[in-house]
Amino acid sequence: MDEKLAKNIDDALASGDLLETTARNLREWLQTKAMPKWVGKSITQLLDDGEWTELNDRFHKHLAFGTGGMRGRAIGRVQAKSERGNAKAGTTPDHPAAGANTLNDFTLTRATIALFGHVRAWMAAEGILAVPRLVVAHDVRHFSRRFCELAASTWEELGGYAMVFDGPRSTPQLSFAVRHRYAHAGIVVTASHNPPHDNGFKAYFADGAQIVPTHAEAVVKRYDETSLAEAAAYVKSRASKTSFNVLPMADDLAYRAQLEDAVLDPELMRLHAPKVVFTPIHGTGGIAAIPALWSHDVEVASVDAQSKPDPNFSTVKSPNPENPEALRQGIAVARKTKAAAVLAADPDCDRIGVAVLDGKGRYECLTGNQIGCLLAEYRISKMKRLGILPDAGSPNAALLKTYVTTPMLDEIAARHGIRSVN
C-alpha cells in the first residue's frame, strides 16, 4: 500500500469519515499481496472520490456466515470503474463489489474453504475414506455462474471432487443431486428472493438438507479462522481453471422421476387437469416445474415477459412470489386464458406463491401459511384413503413444520391423529 493511500485512510479515520473497523479492513485488503489489480483500483477510486458511506458499508465488518450460509451485496450502490469494466448498463459488471462485507470472489472462496475443512474433518471422524464430493448449483443472478465455478475450482484445489450443472438449476434439485450423486456437501449460489444487487451462498450437507446448527457452528468457526490472504490465493489460481465436471442430462431426468414419487394420485390431475399459469419470475422455476406439470396433462400458460432469465428481475419490484405485486402479470395472463390458478416461484425455486380463482371471478393471492395448510390437509387425507396411513392416524407419523409456520398445522395434525414437530 503506497503512502498516499495510507494517508487518505488515516485522514478519513481522523475526520470521522471512516469507521475504525473500516480503516482496519481496508488496510488488510490493500496489503494482501495476492489481490488482483482491479481490487486496488476499486478501493483507490472510492477513497479518491470520498465515497465514505460506500466504503463503510463495504468494509465496516466481515460478511457473516450464519446457519445455512450467507447473503450480501454483490454489486455496490456506488460502482468503481474497475468493477464495472466494459459492461453495459443493466448487465453484469466485470467484477463484483470489493469489500469485506460484500459477496465477492474472496468471501465466497473463504466460505468454500470453511465448508471443505469441516466436511473433511467430519468424514475422518466418521471413518469415511473417500475424496470429499461436492455438487454446486446456481440461479440466474449477477455473478452466479462465476461464483459457482469459483466454488467448484476451489473445492478441487483443496483436494476434493466437484460437480456442476450446465446452467441454472433450482435449490430443490441441488438437494436431490447431493443424494443422487452420493456427495458429501452441496452449495447453491443464490440470494433467494433478495433484491437484484445481492447474491449468496447456501451450504448443504450429505443428507441433502441445509447444514444444521451442529455442523453450521463448526463451519462458521473455520470461516472466521480463514484469512483473506488464503482465500485470495485460491481466487488467483482459479484463473487457470477452464473445464469442470458437468452433470449429464440423465441427472435432470432422474430428478424429474423423483418428483413423480411425490404425486400421491396421478389420476386426479389426468381426470381433472386444471389450466394454470406458471411464472418463474425470471428464475430457475420453469426448468423442472413446467415439464413436471406437462407430464400430468396440466395445461400450462406461461408469462412470456417473465420466462426469460433476468438477473435484474426487471418486471417486478421484488422477486418474492408471496408478494401480490409479483403475481400481477401472471394474474393478467390467467384472466385472458381463464386459468384456475397462478403459480409463481422465486429465483431459486424453493418458495412458491399461488393465486386462485374465487367464486366471484377474482384471483385471490394465498399466503404461505394457507398454501401449507392446504397441502398438509390434502396429503394426510389422501394418504389415509390410499392406506398409507391408518384412518385413526398413527403416533409413528409426523408432520414437520418450522417454528414460524402457522400453528393451524399443529391442529390439522392433531385432528388426523399424527404428531406435529417443530
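Rings of Phe, Tyr and Trp (its six-membered ring) count as a pair if their centres lie within 6.5 Å, with planes under 30 degrees apart called stacked, over 60 edge-to-face and the rest tilted. By that rule, a search of the whole structure turns up nine aromatic pairs. This is a predicted model, where local features need pLDDT of at least 70, side-chain atom pairs count only at pLDDT 80 or more, and totals for chains, interfaces and linings use all residues. Residues are numbered from 1 along each chain as its sequence is written, and side-chain values use heavy atoms, leaving out hydrogens and water.

**Trp29 and Phe106**
- These two pair edge-to-face, 5.4 Å centre to centre with 85° between the planes.
- The pair links distant parts of the chain, with Trp29 in helix α2 (residues 20-31) and Phe106 in helix α6 (residues 105-126), 77 residues apart; helices are DSSP runs of H or I, at least four residues, numbered from the N terminus.
- Both Trp29 and Phe106 are buried (under 20% relative accessible area, 1.4 Å probe, protein chains only).
- Ring pairs also tie Trp29, Trp38, Phe59 and Phe106 into a cluster.

- Phe176 belongs to helix α8 (residues 171-180) and Tyr255 to helix α11 (residues 249-260), 79 residues apart.
- Phe176 and Tyr255 are both buried.
- Asp251 is in helix α11 too, and is buried at 4% relative accessible area.
- Beyond its neighbours within four places in sequence, Asp251 is in contact (heavy atoms within 4.5 Å) with Gln173, Phe176, His180 and Arg181.

Key
Helix = DSSP H or I, 4+ residues; strand = E, 2+ residues; numbered from the N terminus. Buried < 20%, exposed > 50% of the residue type's maximum accessible area, 1.4 Å probe, protein only.
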